[in-house]
Amino acid sequence: MNLNRGIKMLVKRGNDDELTVLIDKMVDDLSSTSSRAIPSIHSVGDNLRSNNEKAYDPMAVAIGPIHRDKPHLKSMDHQKKKYLKLFLDSMGEPSMDIYVREIRAMEERARRCYAEETLVGLRKDDFVLMLLLDGIFILEFFRRYNEDDERKLTNKDKDEDIIFRFGNVKNYVLNDLVLFENQIPFFVLEKLLQLSKTRDKNEVADLFWPLVSTSAQKTLQDCSITNSNNPPPHLLGFVHYVESLQFSPNLYANNEMKNINSATELNEAGIIFKKREEEGSFLDIKFEKNKIYVPILAIADLTESYWRNLIAYEHYLPCRNQRKFTDYMYFMHCLIHDPRDAKLLRRCGVISTWAGGDEMVYRLIKQMGNNVQPSEMFSYNDVFEGVNRHCTKRKNTWMAVLRRDYFDSPWKVISLVAGFVLLGVGLVQMVFAILSYYQDP
């Protein structure tokens, strides 16, 4: 507040009632925070969380301030301290002095990454300690994950580590690290990596590859993440960036909201669903002639959590950003209206599930498609338009009905041919009968 404004406020308070003073203070406080950077880490809003609260909550480890006081996550605090000691021992560092100084210098910048309500009551030193413990925990977890993948982690190491002693805990931690509410700023991890002096120029790709799909791992080495003009805000943002890198939709401005029929209805109109075989992003859906090519959607126990948190991340991006994962889920939501649609896509090889049957897939897609807002420039506009254009042509529907009712099995084809043969024989007999009638004297 500048001096003149302060004087005016003091003068006014002599004459105004308490409500006026309260409103003036509210406006003044708002002015002081209006220039604050847009945060990248929030608590998920009720409109998203109400569908499945557990999908946003960590099961094994709390990262950042939002879940740090939950009792069931406190047992992992001891493991964070053990990882801190392992980190210092591997660096040959007797003290944390240099790490404390460097992270403390970033404290204000890191605070601006969080929505204000997530940091209530968190003092400066507690905040810096949290960034250090959580950041080093993440780096050590992935270092050991890589060692375990390369068979370099001994049985003794595993027995002394509660995470790697049990395979399910390792998977839970991996999932927890990509929850929207469970993040620390990416630049903190980069600074700790830089200070550790143990990684080459591709340290990000070398370390965090377990977070992304197999197809994305093949292009991860070529990603210029750390030197990007728009680096990821946190690990979930890193996953979002890498997974969507291979998908470049055909975009054009069209504010009209489009829809398509369900998979079963499209199939009845002659649309054929095919599993997309070539490598690339699992977001890359194509429509060619009468075929929709869809990369396989694998559904497992943690699939819902993975997708919900990516959609939540996109929900808090500025409107100008492309919401590719949200658009994909909206697409699937249009296709699957009941279990029959899920069954059709499963039989076509588009959906693979280890977590239940067609009814479960239907319920899952239906719930995840609720309360989502696709991009202003929808990523699959060209696919929707091509499909709808196909369905408006009557001949396509007629041909589909003909194939479905008369050519869907060899026996029906044989019956149809036999029918035509009998019809032909009957016509020939009738013609001969007529001719013989007129030729008789």
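This is a selection-by-selection tour of side-chain contacts in a predicted model. Residues are numbered from 1 along each chain as its sequence is written. Because the model is predicted, local features need pLDDT of at least 70 and side-chain atom pairs count only at pLDDT 80 or more, while totals for chains, interfaces and linings use all residues; side-chain values use heavy atoms, with hydrogens and water left out.

**Aromatic pairs**

Begin with the rings of Phe, Tyr and Trp (its six-membered ring), which pair if their centres lie within 6.5 Å; planes under 30 degrees apart count as stacked, over 60 as edge-to-face and the rest as tilted. The structure contains 25 aromatic pairs. Select Phe87 and Tyr99: the ring centres are 5.5 Å apart and the planes stand at 70 degrees, so this pair is edge-to-face. Phe87 belongs to helix α4 (residues 76-91) and Tyr99 to helix α5 (residues 97-105), 12 residues apart. Helices (H or I, at least four residues) and strands (E, at least two) are DSSP runs, numbered from the N terminus. Phe87 has a relative accessible area of 3% and is buried, and Tyr99, at 0%, is buried too. Here buried means under 20% relative accessible area, exposed over 50%, and partly exposed in between (1.4 Å probe, protein chains only).

Next select Phe282 and Phe325, an edge-to-face pair with 6.1 Å between centres and 65 degrees between planes. Phe282 is in the loop between β1 (272-275) and β2 (286-288) and Phe325 is in helix α17 (residues 324-335), so the pair ties together parts 43 residues apart in sequence. Both Phe282 and Phe325 are buried.

For a cluster joined by ring pairs, select Tyr83, Phe137, Phe141, Phe142, Tyr145, Phe164, Phe186, Phe208, Trp209 and Phe238.

**Charges over rings**

A charge sits over a ring if NZ of Lys or CZ of Arg is within 6 Å of the ring centre and within 35 degrees of the ring normal. Select Arg109 with Phe187: Arg109 lies over the ring face, 3.7 Å from the ring centre.

**Salt bridges**

The whole structure has 25 salt bridges, each a side-chain nitrogen of Lys or Arg within 4 Å of a carboxyl oxygen of Asp or Glu. Select Arg49 and Glu181, which meet at 2.7 Å, N to O. Arg49 is in helix α3 (residues 46-49) and Glu181 in the loop between α10 (167-176) and α11 (186-196), so the bridge ties together parts 132 residues apart in sequence. Arg49 is buried at 12% relative accessible area, as is Glu181 at 3%.

Move to Asp148 and Lys170, whose closest N and O atoms are 3.2 Å apart. Asp148 lies in helix α7 (residues 124-149) and Lys170 in helix α10, so parts 22 residues apart in sequence are tied together. Both Asp148 and Lys170 are buried.

Finish this group with Asp126 and Arg123, bridged at 3.2 Å, N to O. Asp126 is partly exposed, with a relative accessible area of 25%, whereas Arg123 is exposed at 59%.

**Cysteines**

A disulfide is a pair of cysteine sulfur atoms within 2.5 Å, and the count is 0 disulfides. Select Cys348, partly exposed at 26% relative accessible area, and Cys391, partly exposed at 21%.
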